[in-house]
Amino acid sequence: MTSLDAHRVVDAVWKMESARIVAGLVRMAGDVGLAEELAQDAVLAALEQWPEAGVPDNPGAWLMAVAKRRAVDHLRREERRDRGQERLAHDLATRPDDGERDVDDVVDALDGEVGDDVLRLMFVSCHPVLSTEARVALTLRLIGGLRTDEIARAFLVSESAVAQRIVRAKRALADAHVPFEVPSGPERAARLSSVLEVIYLVFNEGYAATAGDDLMRPSLCLEALRLGRVLAELTPDEAEVHGLVALMELQQSRSAARTGPSGEPVVLHEQNRGRWDPLLIRRGFAALLRARQAGGPLGPYVLQAAIAACHARAATPEETDWPQIAALYEALVRVLPTPVVQLNRAVALAMAHGPRAGLTLVDALTGEPALKGYHLLPAVRGDLLARLGRHDEALAEFERAASLTLNSAERAVLLRRAATCAAKAGEAEKAEEAEEESTEAGPADGDVTLGRATGLFLARPDLSADTVRSYNQTLTRLCRHLGEDAPMRDVTSHRVAEVFAAAWGTAAAATWNRHRAALRSFATWAAERGWAAAGLAAPLDRRPEPRPRTRPIDRSRLESLWKRPDISLRERTLWLLLYESAAPAEWALSLNVEDLDLPGMRGEVKARGHWLRWQSGTAALLPLLVGDRRRGPLFLADRRPGPGRMPAAADLCPHTGRGRLSYERAEYLFKRATGDLDPEGGGSTLHRLRHSRLAHLGEEGWSAPMLMSLSGHTSARTLHGFVRAPRPADTVA
């Protein structure tokens, strides 16, 4: 082995084993600085011996054994008076050691587990007695195993500055006599918060670099993820730890899509979601589930992870659940009321309820001292102003944001946004002048662009937030295909028809009609101003939305469905109840345990003032489903609700903590189980159970009033399709 090979091997082993080795030595020597020196002595010994002797079978144990001998020698030289230390030195000096035992065995023999030592070392390196910069540097050095030059390069500071931080941090820990232990009680929570803060600081510096030419520094993101995963294994019952890991996993999953071909930043709603890492998304969801299972109140990291999960669940930007994200930010503000969180909440409000709602909150934050030099405040304000068509004001905000950021990639994007606003402001000025000069029958204004027109259209005060959000989906797709800078005079009905055919040609009729309605409204508005022809949406015909006739399910098929062994008790009970009661699925799912009259074979739907009545099949299953429960929803979800989707108290079971089974989930399970009952293979809906019951009872001669009494229908007219017309032989004279 050459000296270069030895350096590479030692460097790799050190990064994997350094935290465990240093942690074990700190417990022996009681001093962080001394422990690192002893570990470095072992590394030097490896660099000297491994090129000739070769790499040992267990290099981590080899390094630990050598460092342990150095510690014994040091204890002897110092002749410590502490009897416990003397006994430890004597025990280590007399204990046989072949240098080949695994590092876990070595440290376990010293009274404790390696994992415990690493956790102790994390709490020591992130002690509040140290400054934030010192905590970050010391953590990356001791836990991450990074060299001083690697830390300096990652944070774009000098190597001497990092070295001084580390030296001062070690001295401060020694002067403060910080014990090598995991604190308990309230102190543990405070110290754990410091550990999580350091890890997230490292991740954020890698995810969005504060300075330099690159937007991201992937090595820091990966190091923070590694530290978070280690901490999660060491503290499995801490929800916030799992929340932080989930947050970092989900954010890191978007890293490949965050930059363009030239390294320029790509905003979230413009990212290619096909480039998001599905493995990291699954790992993030799994970590969020572990956080939920750990219980306790929702902390800031769990809530932020839930927000990231909302983005990860959306296959397209239009499918993002912005009202849910805004609600999560509302909860986050209560536990973490910082100006930055408020700024993020403003963005969510703008996406959920329109830019005016977000701008109101942003304007209230402009006086915050903490955001005085924060470049994202004017950047967000500029974006909202641009969406409202106030391009002159947006131009000034983007230029101010560009002057505040230290990152070259972000500055370039902000300056491009400023240039775009300047161009649009000029266009708007020309359009206003032309509109003032034109008469009602005047010619179309050729200078108005599609982007400018859509911006003005969506900024109308008479449009509700929901309407703006719906119209925006249509017009954004139109601008994407034709170009925001395309003059309105070039937007013809033929080109619009091509866009619709490409975007929604194969979509369902309801989807096609919704986008068609949005375009018709925009076209009419633009035609009134002379910017577009009146027949812009003329080639787009409305598609019929037929309601297929529901066919009843054959009785024999239903009988076989009840008897299938793979159907769970919950599903079998729900389906039988729906069939026997002929009630809507929403009514059955709203039943509570306390509303049941099991002997009377009925349950009260209090919201409707109606009693559901069932027969022997349901009566035999309900006691098994209810069990020992006395209150709460009758039909429960598969697991406890997530932190971001906590239902109302009335929809939570006090015995199990699970929520009420949703209609969507119940429908999905029935469709999946009844694929063979559907000729097209898509499965049946829950409504079809009710329809089948009414059809079967009608075949047995039930009259419309009898069916009304059972099913809760309020009109006999809606049941005439199920009632058989009497034959002449059945007519009473």
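1. A polar contact is a pair of N or O atoms within 3.5 Å; within protein, one must be able to donate a hydrogen and the other to accept it, and residues adjacent in sequence count only if both atoms are side-chain atoms. Helices (H or I, at least four residues) and strands (E, at least two) are DSSP runs, numbered from the N terminus. Aspartate 277 caps the N-terminal end of H13, with a side-chain oxygen 2.9 Å from the backbone nitrogen of leucine 279.

2. The model is predicted: local features need pLDDT of at least 70 and side-chain atom pairs count only at pLDDT 80 or more, whereas totals for chains, interfaces and linings use all residues. Residues are numbered from 1 along each chain as its sequence is written, and side-chain values use heavy atoms, with hydrogens and water left out.

3. Helix H13 covers residues 278-294, which is 17 residues. The expected span of a helix is 1.5 Å times one less than its number of residues; for H13 this gives 24 Å, in agreement with the 24 Å between its end C-alpha atoms. Just after H13, glycine 295 takes a positive phi of about 75 degrees.

4. Which residues of H13 are buried? Buried means under 20% relative accessible area, exposed over 50%, and partly exposed in between (1.4 Å probe, protein chains only). Leu280, Ile281, Gly284, Ala287, Leu288 and Ala291 are buried in H13. Seen down the helix axis, the buried residues of H13 fall within an arc of 125 degrees, so they line one face of the helix; the arc is that of the directions from the helix axis to the C-beta atoms. The face of H13 turned away from this buried side carries the exposed residues Arg282 and Gln293.

5. A salt bridge is a side-chain nitrogen of Lys or Arg within 4 Å of a carboxyl oxygen of Asp or Glu, and the count by this rule is 17. One of them joins glutamate 318 to arginine 480, at 3.9 Å from N to O. Glutamate 318 lies in the loop between helix H14 (300-313) and helix H15 (322-335) and arginine 480 in helix H22 (residues 465-482), so the pair ties together parts that are 162 residues apart in sequence. Glutamate 318 is partly exposed at 30% relative accessibility, and arginine 480 is exposed at 53%.

6. Another salt bridge links arginine 570 and glutamate 571, whose closest N and O atoms are 2.6 Å apart. Glutamate 571 is buried at 9% relative accessible area, and arginine 570 is buried at 11%. Salt bridges that share partners join Arg570, Glu571, Asp638 and Arg665 into one network.

7. Rings of Phe, Tyr and Trp (its six-membered ring) pair if their centres lie within 6.5 Å; planes under 30 degrees apart count as stacked, over 60 as edge-to-face and the rest as tilted. The structure holds 11 such aromatic pairs. In one of them, phenylalanine 500 and tryptophan 512 have ring centres 5.6 Å apart and planes at 85 degrees, so the pair is edge-to-face. Phenylalanine 500 belongs to helix H23 (residues 493-504) and tryptophan 512 to helix H24 (residues 509-528); both residues are buried. Phe457, Tyr471, Phe522, Trp525 and Trp531 form one aromatic cluster.
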